[in-house]
Amino acid sequence: MPALTIGEAAGVEKPNLEDEQLVPGEKLLTPDEARASERLAEKRSSEPGLLRFFLMLNAGLVLTAISIVVFKTPNHFAFGGTSGVSVILSSLVPDLPVSAFMWILNIVLVVLGFIFLPKKAVGWSIYASIALSAFVSLVELVYPSNVSPTGDMWLDLCFAVILPALGSAIVFDIGASTGGTDILAMILKRHTSLQIGKALMMVDIGIVLIAAVLFGPRTGLYCVLGLFAKTLVVDGAIESLHLRKVCTVISQQPAEVEKYIVRNLKRSATISYGYGAYSGKRVTVLMSVLSTREAMRLRLFVRKIDPGAFITIVNSSEIIGKGFRDMN
C-alpha cells in the first residue's frame, strides 16, 4: 500500500489548478502585452551594447586611475598588480611618475599577450591596460600634487580600496578586465599548470612585503589591510550589482498575487502546492525572483489585499536564466 502524503492523511484533496482560479500567465496578457513582456525579458538578460560596454569599461578604469594617483601614490600604498609595482618603482626612481612605470609594465604585458595568447582572448584586456595607463597620466596632469588630499592615511586607505573595487566591479560585471596582471594570469593559465589565484596572491604579498621594507612597517601594515580589504570589497561590490530578491508568497488570494506579478511587474513566478504542517490545509505557494524595487512593490500589494499572507524575501546574487544573467 503506497504511503499517504500529509495532505491525504489530513483528508485534504490534491491541489487542482481550477480550484485556485489560477491560469497560465500568458493567458493574463493580451498579444501586445505578451510581446512587450518578451522583449523586456530579453532586454534584461542581454549583454550590454557596444557603446554601453565601452562607457562602463572606461568608467571603471577612470575610478581606478583616480585611486592610484590621488590616494595610493602619496601614501605609498602598494597592494599588488602593476599599480603596486609602479608605486614602488616610482619611489626608487623619483624623477619618473607612477604613470611612466605603468606604461612600461603594461606595454611589456601587452607584448607578452600578443606573443603567447590568441588576439581574440586579450582584445579588451590590451585596451584596458593601455587606457588605464593613459587615464593615470591624465589624472596626474589634473592632480600634479604628490601629497595626500586629506592628510589622513586611514581615510586615504578607505578610498584607495573603495574606488578601484567599485571600478573593478563595474568592469567585471560587463565581462571585461582592467588588464595588467590579468594578461599575465591568462598566459600562466594557458601555458602552465600553476594555480593562478595562488600565484597572483603570492606576487601581491611579495609586493606588499617590499613596500613594508621600503616605506616602513606602518605603511606596510596599511598595505596588508588594503590587500585583503580589496578582495572583500570587490566581491561585495559585484554581488551588490547582481543582487536580486527571491520572494515566496503564501496567500489566501493567490490568483490576485499571480496577476500582479505577471501584469504589473512583468515577471513570472513558479506556483506549487503544499500543506500547512499544523493545520493540514492546502496552500498555494508562489515564488518569483525580482529586483529590490519590484520586491518592495509586491510586498506592499500583498499586504494590502491579504494582511495575513506569509512572505519570505531572500537575497541572491546568482540568478541565471531568461530575464536575468545569460547562461553563458
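Visitor: What makes the link between the side chains of Asn 58 and Tyr 127 a polar contact?

Guide: The two side chains are joined at 2.8 Å. A polar contact is a pair of N or O atoms within 3.5 Å; within protein, one must be able to donate a hydrogen and the other to accept it, and residues adjacent in sequence count only if both atoms are side-chain atoms. This is a predicted model: local features need pLDDT of at least 70, side-chain atom pairs need 80 or more, and totals for chains, interfaces and linings use all residues. Residues are numbered from 1 along each chain, and side-chain values use heavy atoms, without hydrogens or water.

Visitor: What else does the side chain of Asn 58 reach?

Guide: The backbone oxygen of Phe 54, at 2.7 Å.

Visitor: Why is Asn 58 called buried?

Guide: Its relative accessibility is 12%. Buried means under 20% relative accessible area (1.4 Å probe, protein chains only). So Asn 58 counts as buried.

Visitor: Where is Asn 58 placed?

Guide: In helix H3. A helix here is a DSSP run of H or I, at least four residues, numbered from the N terminus.

Visitor: Why are H3 and H7 called roughly antiparallel?

Guide: The axes of H3 (residues 50–75) and H7 (residues 153–173) cross at roughly 160°. Axes are lines fitted to C-alpha atoms over the stretch in contact, and angles run from 0 to 180 degrees between N-to-C directions. Angles over 145 degrees count as roughly antiparallel. H3 and H7 are therefore roughly antiparallel.

Visitor: How close do the axes of H3 and H7 come?

Guide: Within 8 Å.

Note on methods: Helices (H or I, at least four residues) and strands (E, at least two) are DSSP runs, numbered from the N terminus. Angles under 35 degrees count as roughly parallel, over 145 as roughly antiparallel, 65 to 115 as roughly perpendicular and the rest as oblique. Buried means under 20% relative accessible area, exposed over 50%, partly exposed in between (1.4 Å probe, protein chains only).
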